[in-house]
Amino acid sequence: MTQAIRPQPGIMDIALYQGGASQIEGQTDPLKLSSNENPFGTSARTIAAVTEAATGLHRYPPTDHMKLRQAIAEVHGLDAQRIICGVGSDEILTLLAMAFAGPGDEVLYTEHGFSLYRIFALSAGATPVVAPEKDRCVDVDALIDRISDATRLIYIANPANPTGTALDMDALTHLADAVPDHCLLVLDGAYAEFFHGYDGGASLVEARANVVMTRTFSKLYGLGGLRVGWGYAPQNIIDVLNRIRGPFNMSSVALAGAETAVRDRAFVETCLQENAEQRARLTGGLHQLGIACDESHANFVMARFASEVEALAADAHLKAAGILVRLVKGYGFPEALRITVGRAEDVTRVLEALGSFKGAE
């Protein structure tokens, strides 16, 4: 029988997103370094706020997210009226595609960019367009060359996942200067806090009518399980997004947790300092073992092996040692493993395991 009900064009071209593994068969408590989570968990103040908010679960949450938006604005020096909150930054990125792209339009991103960018484009019925990268870095000129009259969105992760490389403000400004008025430049800042001195693109948003930035509470703040993200954009863009955002998209528990988390600066600063120190240890240790990696500006390092065969063998060796990392063949790096920066003891354990692997080769 002919199927009469069909999804919109592009939907069936979407491959399901694959998250980082969380289990190793036969092991009860593996060291999970596959999803770039905060190794220090969630701050005690935030857990207390979430626990208190849970006593009011019978009440609907506020639809305007005002307290969270004000907290974000105060901490980052932004205009609360130009902030939108969502179920992870993924929701904000999705809303942008829904609102500004469709059939006949193009969505531009880079070849090793976040895999959801293609999904956002296809789900909106738009055409994904991929620009090549150069030495695992976003190539601004390659992006500019691929902007057309049909381009409506450009998604850039800065710092990038899974490479950890980043564009400085001069490069970002050069790109923003080249983006035409009919197109939005979207700066995905899931790892922006780990890039020292980077404002996530806020200054570009303030200066231009077609730049949007997004951030998440899933990484630095340790709230991946609550799903909280936010975006900052020109007021007219925010007004559009709020028309299609679900009025109760954020739970009261998530709102309370995120508000407390963004204000708990002592916890944030401790996590940032530890990440910087352990990231340097991990990078230096990999180089000493003869394993290539770029300087990372995120909370992970992408280790590059001589071949896909060696990467798979290293992954198997790490699993045998009870350590989960991320294979990134789907991002175009079959020879690489992405390793979340953990605590000092976690980094030691990873380097010892890889040391024994290299010694056994």
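Asp90 is partly exposed, at 24% relative accessibility (partly exposed lies between buried, under 20% relative accessible area, and exposed, over 50%, with a 1.4 Å probe and protein chains only). The model is predicted, so local features need pLDDT of at least 70 and side-chain atom pairs count only at pLDDT 80 or more, while totals for chains, interfaces and linings use all residues. Residues are numbered from 1 along each chain as its sequence is written, and side-chain values use heavy atoms, with hydrogens and water left out.

The side chain of Asp90 meets that of Arg227 in a salt bridge, at 3.7 Å from N to O (a salt bridge is a side-chain nitrogen of Lys or Arg within 4 Å of a carboxyl oxygen of Asp or Glu). Asp90 belongs to helix H3 and Arg227 to the loop between strands S7 (211-216) and S8 (229-232), so the pair ties together parts 137 residues apart in sequence (helices, H or I, of at least four residues and strands, E, of at least two are DSSP runs numbered from the N terminus). Arg227 is likewise partly exposed, with a relative accessible area of 29%.

In all, the structure holds 15 salt bridges. One of them joins Lys319 and Asp315, whose closest N and O atoms are 2.6 Å apart. These two residues are four apart in helix H11 (residues 308-320), so about one helical turn separates them. Lys319 is partly exposed at 27%, whereas Asp315 is buried at 5%. Another salt bridge pairs Asp346 with Arg343 at 2.9 Å; here Asp346 is buried, with a relative accessible area of 4%, and Arg343 is partly exposed at 31%. Arg136, Asp294 and Arg304 are linked in a salt-bridge network.

Turning to the interior, helix H9 (residues 252-263) has twelve residues, nine of which are buried. Its buried residues pack against helices H1 (44-53), H2 (66-76) and H10 (265-288) (contact means heavy atoms within 4.5 Å). The largest nonpolar core has 56 residues, of which Ile154, Leu185, Leu187, Phe217 and Trp230 touch the most other members (such a core is a set of buried Ala, Val, Leu, Ile, Met, Phe, Trp, Tyr and Cys residues joined through side-chain atoms within 4.5 Å). H9 supplies the largest share of this core, five residues. A second, separate core of 32 residues includes Leu95, Ala97, Phe114 and Ala336.

Finally, His112 sits in the loop between strand S3 (106-110) and helix H4 (116-123). His112 is buried, with a relative accessible area of 10%, and its side chain reaches the backbone oxygen of Tyr331 at 2.7 Å.

Methods
Expected span 1.5 Å × (residues − 1). Polar contact = N/O pair within 3.5 Å; in protein donor to acceptor, adjacent residues only side chain to side chain.
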